[in-house]
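Let's take a friendly tour of the gaps and surfaces in a protein model. Keep the 3D view open while you read.

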Amino acid sequence: MPETENVLTEQAQPEEIPDDDTLAVREIPRRDPVDRTGEPLLSIRDVRREIDGEIILTDINFDVWPGEIFGIMGMSGSGKTTLLRLLIALDRPDEGSVIFHNEDIARLDEDDLNRVRKSMGMCFQYSALFDSMTVGDNVSFSVRNDRSMSDDEKREKVADLLAMVEMAGTEHRMPAELSGGMRKRVSIARALMDDPELVFYDEPSSGLDPVMSCNISGLIRKVSADTGATAVIVSHDVDNMLGIADRILMLHDRTTALIGTPDEMRSSDIPIIRRFVHGLASDQMTGRCSPR
Amino acid sequence: MLSVLSALGAGFLKGLSYIGELSELHMRTLIHLFRGAVERKTTIAQMSHVGVSSLPIVVVTMLFSGMVMSYHIADQALMLGAGAYIGWMVAETMARELGPALTAIVVAARAGSSMAAELGTMKVTEQIDALRTMATDPVQYLVVPRYLAGMIMVPMLALIGGLIGVLGGFVIADTTAGMTAAAYFNSIRANLELWTIAAGIIKAVFFGVIIAVIGCHQGLYTEKASEEVGRATTRAVVYAIMLIYIANLALTMVLFP
Ligand SMILES: Nc1ncnc2c1ncn2[C@@H]1O[C@H](COP(=O)(O)OP(=O)(O)OP(=O)(O)O)[C@@H](O)[C@H]1O
Ligand SMILES: [Mg+2]
């Protein structure tokens with residue numbers, strides 16, 4: 001366990017203030033700046049996706065560099081999940097390419113994809129836990145046939161990951177016995193089990209309380225700092241996103257409205273981004289939320 | 001008239017593409033099998049699931065079928081003076097026909113439907129997608145174990161069912177025709193050929209494959225809406241039973257020329 005974690009648990013130890021750990025908003029770990037001079041890990045080129053003849057995404061272009069935390073924002077229904085499914089090749093684009101490690105994964109067959117997917121992890125918007133398996137079996141699923149790890153090592157790693165998402169000791173429970181937010185956290189642990197190089201998070205903090213959602217953001221940042229893993233996060237939790245992402249892509253009107261750093265997002269004068277970042281309601285809807 | 005024709009044509013094409021999908025799924029299952037990519041734990045779990053869930057209803061069905069059949073046969077046989085053959089006639093029908101076919105229909109209703117429901121739910125809740133993101137082929141992980149379970153358990157259930165049917169037949173032959181156990185079972189031993197039993201088992205293997213492939217296909221191809229799971233489940237049973245009837249006729253003609 002890294003040092004920051006130890007400090008936190010030591011602070012939480014006095015019996016008088018047992019809730020200290022859960023109440024304290026975690027400090028977001030520092031990371032080295034991302035090096036964008038080399039080859040990108042993931043390159044999206046001219047991607048277009050239609051579903052039932054309707055264009056959902058078009059002209060999508062961006063690169064994600066190793067170690068980067070890349071955010072994808074957009075209104076509900078703007079195609080964020082659709083884009084994520086293309087990035088992990090669950091669906092294929094109608095046009096364009098998705099290049100991972102210099103290989104166009106949009107053109108690979110399922111056997112080759114399974115090779116590529118070993119270095120990816122995905123946390124689904126609605127968790128997608130296997131409901132016939134215990135939490136422990138869910139988390140260790142990706143290494144179930146891995147002979148390079150002993151059963152004890154697997155159990156230990158599962159316990160560590162569950163502790164990291166604050167679900168320690170839930171190995172034997174079934175997904176049906178968990179709340180939505182708990183399932184979400186288990187699914188994050190599951191996505192991290194096989195030490196992925198690239199992790200996709202679809203709305204990792206939706207359905208979580210503000211403290212937990214902040215903890216999850218910290219966790220994502222910590223995983224990136226500890227393992228150097230690259231993260232692609234879809235979220236409309238603007239505050240958290242601006243806090244942890246290195247760069248953010250804003251999807252609007254089926255395509256990219258802007259790709260930029262959190263500061264560039266804050267200072268952008270593109271209307272949709274202003275509305276998003278400064279928390280203003282769109283014209284069609286009544287009322288106006290308090291600006292941030 | 002024209003619309004009837006075009007509807008028929010469309011139905012025919014749909015049927016063809018359905019057969020195509022089934023064959024493709026079957027091929028992919030066989031490829032994994034020949035590669036030896038079998039998940040032992042889930043396969044054993046599926047086998048016990050299919051066996052345990054279907055056994056009670058198979059037993060009840062076959063027991064009563066054997067009794068009813070024996071009742072009819074005893075009546076006729078006594079009239080024709082062939083009373084000594086009652087046991088054999090019951091056993092022969094059980095081995096050739098009722099054992100495999102009736103068992104398969106019961107298993108289709110019981111286990112085939114649950115395969116479709118389980119996989120359909122997994123599809124709708126993105127669990128199948130989750131499998132794929134964890135570098136696991138759903139066919140290898142989900143279909144292969146169910147395929148093996150169908151292929152192995154349906155013949156076993158058919159064998160047990162046939163035996164139960166013969167015993168049921170004896171109870172009736174004993175009570176209504178006053179048949180002794182020795183006479184009943186000796187007529188079986190003297191006349192029933194081993195090949196007949198083997199042919200029935202071969203049929204059951206095919207039926208097991210049909211149940212598993214159709215059940216899994218309906219599940220994997222469920223559209224993403226929860227009411228679709230129910231429809232897929234019903235279809236799995238109906239299609240499997242239809243295909244079992246057709247295969248039964250074809251296999252009977254091949255195995256008993
Ligand atoms: N299987 C599908 N069939 C038809 N339309 C679809 C399908 N999947 C997505 N869509 C459409 O694609 C668009 C984008 O959907 P998507 O789920 O990617 O949105 P999202 O940005 O993830 O939204 P949210 O923030 O609510 O999760 C929507 O308009 C949706 O109607
Ligand atoms: Mg979504």
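## Before we start

This is a predicted model, so local features need pLDDT of at least 70 and side-chain atom pairs count only at pLDDT 80 or more, while totals for chains, interfaces and linings use all residues. Residues are numbered from 1 along each chain as its sequence is written, chains are lettered from A and ligands numbered from 1 in the order in which they are written, and side-chain values use heavy atoms, with hydrogens and water left out.

## The largest pocket

Rolling a probe the size of a water molecule over the atoms shows where empty space is left. On a 1 Å grid over the protein atoms alone, a pocket is an open set of points with protein on both sides within 12 Å along at least five of seven lines, a cavity is a set where a 1.4 Å probe fits but cannot get out, and lining residues have an atom within 4 Å of a point. Points are joined across faces, edges and corners, and a volume is the space filled by probe spheres set on them.

The largest pocket holds about 1,200 Å³ of space. It is lined by 32 residues, and closest to its centre are Asp137(A), Ser140(A), Arg144(A), Lys41(B) and Tyr141(B). H2(B) gives the largest share of this lining, six residues. (Helices, H or I, have at least four residues and strands, E, at least two; both are DSSP runs numbered from the N terminus.) Sorted by class, the lining has 10 nonpolar, nine polar and 13 charged residues. Here Ala, Val, Leu, Ile, Met, Phe, Trp, Tyr, Cys and Pro count as nonpolar, Asp, Glu, Lys and Arg as charged, and the others, Gly among them, as polar.

## The second largest pocket

Next comes a pocket of about 560 Å³. Its lining has 18 residues, with Lys14(B), Gly15(B), Tyr18(B), Gln218(B) and Tyr239(B) nearest the centre. Chain B's H1, helix H7 (194-220) and helix H8 (226-255) each give two or more residues to this lining.

Among the residues lining the largest cavity are Pro204(A), Ser217(A), Asp237(A) and Met241(A). H9(A) gives the most to that lining, with three residues. The lining divides into five nonpolar, four polar and one charged.

Why does Gly120(B) count as buried? Its relative accessible area is 0%, and buried means under 20%, exposed over 50% and partly exposed in between (1.4 Å probe, protein chains only). Gly120(B) sits in helix H3 of chain B. Its C-alpha atom is 7.5 Å from that of Tyr221(B), 101 residues apart along the chain.

Most residues other than glycine have a negative phi. Asn102(A), though not a glycine, has a positive phi of about 65°. Look for Asn102(A) in the loop between strand S4 (95-100) and strand S5 (103-104) of chain A, where it is exposed at 63% relative accessible area. Glu166(A) also has a positive phi, near 60°, and it counts as partly exposed at 23%. Glu166(A) lies in the loop between H6 and helix H7 (180-192) of chain A.
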